[in-house]
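Below are some numbered notes on the model, for reading alongside the coordinates.

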Amino acid sequence: MDDTGHHLLIVEDDPALQELLVEELSEAGHRVTACDSAEAAMAALSQAPVDLIISDVRLPGISGLAWLERVRGEGLECGFIVITAFGTIEQAVEALKLGADDFLTKPLDLAALQEAVFRVLEHRRLAARGEGEAPAHFHGIVGASDAMQSLFHDAARLANSEAPILLLGESGTGKELLARAIHAESPRAEGPFVAVNCASVPAELMESEFFGHTKGAFTGAHEARGGLFQAAQGGSLFLDEIGEMPIALQAKLLRALQEKRVRPVGGERELPVDVRIIAATHRDLEQAITDGDFRSDLFYRLETFSLRLPPLRERHGDLQPLITALIDKHAEAQGKRILGVEPQALEALLGYPYPGNVRELENAIMRAVTLAEGERLSHGDLPERLRQHRPTPATTLPSAEGQAPWPRLEDVEKRYIHKVLEATGGNKRRTAEILGIARKTLYRRLEE
């Protein structure tokens, strides 16, 4: 979707931040009106309709929350994004209750701002067409961020191909979910989807597991048995953690991909197979090739069509909808009625870095839903690592005995910026030129 050309109304009483927002959103192609109070914004609304309002909570006169309540009370259907100070999650929760579409915390992340604007405008457009939030999902995978939208687009295109696909990404990013989504989107959707974790199959049984075996092929083979390729006939075979596959078997897999035929262990003839391979790994396969653990020819055969799943920390704007979707999923599975999250719990959920990605988030939500005694998840329902997590505090260099502590680079930078700003009489454009940084960067530093 081309989301440019919309009319946006900015309500912000901080001149520097207001100027930054106007410049950033105007450069993105939007038509922007700016006001420094809710009263002025009301007057602007009476002159021309807008598609989206971006408003600070703390405003002179009527507060941002009261302004939001009035907008929704009058039935205006425009989008509404609230800007709130970091740590005031209670205000953000209240804003969502009053009808805000999203909230951003200060200091503003400009990438997150652009994504939030895109997401809210897209949702409003689709709601008007009766399509809800469908594009934020790809066969059950939640993701409205630019990174996930790009992934969904590429996955949908590759789904129609018969070529193998290699999925790359950290553990917990949802590689099997994406593999299932690609299968569901493909012409093979009516066929079977067979998944195997290569790391979980003993090396001595792997060839039989993949290609099957004849009766008497080895001790214990009391009857003939088909392998995973035969089980996936007409569908898709998902090879998770393919980087763990023994190198001897990799050669046979490559032959199966090239010839579309497999030979069961103990068999005298090859059998035709019609299977689409989707492989996945969290390992660096190019390094594995260097180490002699992975065949380069198999890698290049798989890597032609590869997709990288971004870690959760790169999916700006996806965390909150993921939390909502996972709460709904596990509340329904457990037959519970969960209507929301208490402010302290929401702050913990939003502030944790999730090194285990979506899998870690889902496990945390599942635990919280299981332990919840009321209709809202509480801070005590969360895993201890989320409850105890605190942002890493800034530190200073140790001082020599008898000397003052070394100043932090951040503090030196702040003082220097303010000195240059003072010397230019508050001229931000000239200050940015002297500092050798973009005006957007200066605005962001001043906001911080």
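1. Glutamate 241 sits in the loop that links β10 (236–240) to α10; helices (H or I, at least four residues) and strands (E, at least two) are DSSP runs, numbered from the N terminus. Its phi is positive, about 55 degrees, although glutamate 241 is not a glycine. Glutamate 241 counts as buried because its relative accessibility is 11%. Buried means under 20% relative accessible area, exposed over 50%, and partly exposed in between (1.4 Å probe, protein chains only).

2. On provenance: this is a predicted model, in which local features need pLDDT of at least 70 and side-chain atom pairs count only at pLDDT 80 or more, while totals for chains, interfaces and linings use all residues. Residues are numbered from 1 along each chain as its sequence is written, and side-chain values use heavy atoms, with hydrogens and water left out.

3. Tyrosine 354 is another residue other than glycine with a positive phi, here near 50 degrees. Tyrosine 354 belongs to the loop between α14 (343–351) and α15 (357–371). With 2% relative accessibility, tyrosine 354 counts as buried.

4. How do α8 and α10 lie relative to each other? The axes of α8 (residues 203–211) and α10 (residues 247–259) come within 11 Å and cross at roughly 10 degrees. Axes here are lines fitted to C-alpha atoms, for helices over the stretch in contact, and angles run from 0 to 180 degrees between N-to-C directions. The two helices α8 and α10 are therefore roughly parallel, a label for angles under 35 degrees. Their crossing, α8 over α10, is right-handed, meaning that the near helix is turned clockwise from the far one by less than a right angle.

5. The residues of α8 that meet α10 are Met206, Glu207, Phe210 and Phe211, and their counterparts in α10 are Leu249, Lys252, Leu253 and Ala256. Contact means heavy atoms within 4.5 Å. By class, this contact of α8 with α10 has six nonpolar, no polar and two charged residues. In this scheme Ala, Val, Leu, Ile, Met, Phe, Trp, Tyr, Cys and Pro are nonpolar, Asp, Glu, Lys and Arg are charged, and the others, Gly among them, are polar.

6. Within α8, the buried residues are Met206, Ser208, Phe210 and Phe211. They pack against β9 (193–197), α9 (228–231), β10, α10 and β11 (261–262).

7. Phenylalanine 218 is in the loop between α8 and α9 and is partly exposed, with a relative accessible area of 33%. Leaving aside residues up to four places away in sequence, phenylalanine 218 touches Ser208, His213 and Val265. Its C-alpha atom is separated by 7.9 Å from that of glycine 266, 48 residues apart along the chain.

8. Serine 378 is placed in the loop between β16 (376–377) and α16 (384–388). Serine 378 is buried, at 18% relative accessible area. Residues up to four places away in sequence aside, serine 378 touches Glu342 and Ala345.

9. Totals: the protein has 19 helices and 16 strands, and 44% of its 448 residues count as buried. Among contacts between residues at least 6 apart in sequence, 68% join residues at least 24 apart. The protein exposes about 22,500 Å², of which carbon and sulfur atoms supply 50%.

Key. Parallel < 35°, antiparallel > 145°, perpendicular 65-115°, else oblique. Areas by Shrake-Rupley, 256 points an atom, 1.4 Å probe, with all protein chains shown as cover.
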